Amino acid sequence: MALVVVTKGRFAVGGIHQLKVTLRDVRPVVWRRIHLPSAANLWELHNIIQVAMGWDNEHLHVFAKDWDEYGDNAKSEYDVTLAGLLPTVGGRRLAGLLSIPPTWRGA
């Protein structure tokens, strides 16, 4: 299992979330900066992370915010948006847990 931390940065041009996606406990540090519509749901975020990291969407995942979990075997990730979970700029975090193939070498 790997922990992906999604941190909300500043807003980009109208209605866009700028996010920093960081793999925790990986050295050297692996991260990506992505931009998504604020109306995007967590399923869309999951798919963008898969592409940004060069992964093949072969493993279970779950996003956690406070005490709520969304994704595989949890609440629906289709019903919650980035604007709803990360409404303000700054240090608010959304954690994602996923299993990464042992052969992953980075993107």
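Two strands pair if DSSP finds at least two bridges between them. Helices (H or I, at least four residues) and strands (E, at least two) are DSSP runs, numbered from the N terminus.

A word on the source. This is a predicted model, where local features need pLDDT of at least 70, side-chain atom pairs count only at pLDDT 80 or more, and totals for chains, interfaces and linings use all residues. Residues are numbered from 1 along each chain as its sequence is written, and side-chain values use heavy atoms, with hydrogens and water left out.

The overview, then. The protein has two helices and six strands. Starting at the N terminus, the order is β-β-β-α-β-β-α-β. Of its 107 residues, 36% count as buried. Buried means under 20% relative accessible area, exposed means over 50%, and partly exposed lies in between, with a 1.4 Å probe and protein chains only.

β2 covers residues 16-23, and β3 covers 30-37. The two strands run antiparallel, joined by eight bridges. β2 is mostly covered, with six of its eight residues buried. Six residues lie between the strands. In that turn, Asp-25 has a positive phi of about 60°. Pro-28 is also in the loop between β2 and β3. The peptide bond from Arg-27 to Pro-28 is cis, with omega about 0°. Most residues other than glycine have a negative phi, and most peptide bonds are trans.

There is also a charge over a ring here. The rule asks for NZ of Lys or CZ of Arg within 6 Å of the ring centre and within 35 degrees of the ring normal. Lys-20 lies over the face of Trp-31, at 4.8 Å from the ring centre.

Next, the way into the first helix. Ala-40 sits in the loop between β3 and α1. Buried or exposed: which is Ala-40? Buried, at 5% relative accessible area.

A side-chain oxygen of Asn-41 comes within 3.0 Å of the backbone nitrogen of Trp-43.

On to α1 itself, residues 42-53. This helix has twelve residues. From first C-alpha to last, α1 reaches 16 Å, close to the 16 Å expected at 1.5 Å a residue. The expected span is 1.5 Å times one less than the number of residues. Which residues of α1 are buried? Leu-42, Leu-45, His-46, Ile-49, Gln-50 and Met-53. Seen down the axis, the buried residues of α1 fall within an arc of 140°, so they line one face of the helix. That arc is taken from the directions from the helix axis to the C-beta atoms. After α1 comes Gly-54, with a positive phi near 75°.

Rings of Phe, Tyr and Trp (its six-membered ring) pair if their centres lie within 6.5 Å; planes under 30 degrees apart count as stacked, over 60 as edge-to-face and the rest as tilted. How many pairs does this rule give? One aromatic pair. Trp-43 and Tyr-78 form a tilted pair, 5.8 Å centre to centre, with 40° between the planes. They link distant parts of the chain, 35 residues apart: Trp-43 is in α1, and Tyr-78 is in the loop between β5 and α2 (82-85). Trp-43 is partly exposed, at 27% relative accessible area.

Four bridges join β4 to β5 (residues 68-71), and the strands run antiparallel. Phe-63 has Tyr-70 as its bridge partner in β5. Ala-64 has Glu-69. Two residues separate the strands. Asp-66, in the loop between β4 and β5, has a positive phi of about 55° although it is not a glycine. Asp-66 counts as exposed, at 62% relative accessibility.

Further on, Asn-73 lies in the loop between β5 and α2. Asn-73 is not a glycine either, yet its phi is positive, about 60°. Asn-73 is exposed, with a relative accessible area of 78%.

How values were computed:
Polar contact = N/O pair within 3.5 Å; in protein donor to acceptor, adjacent residues only side chain to side chain.
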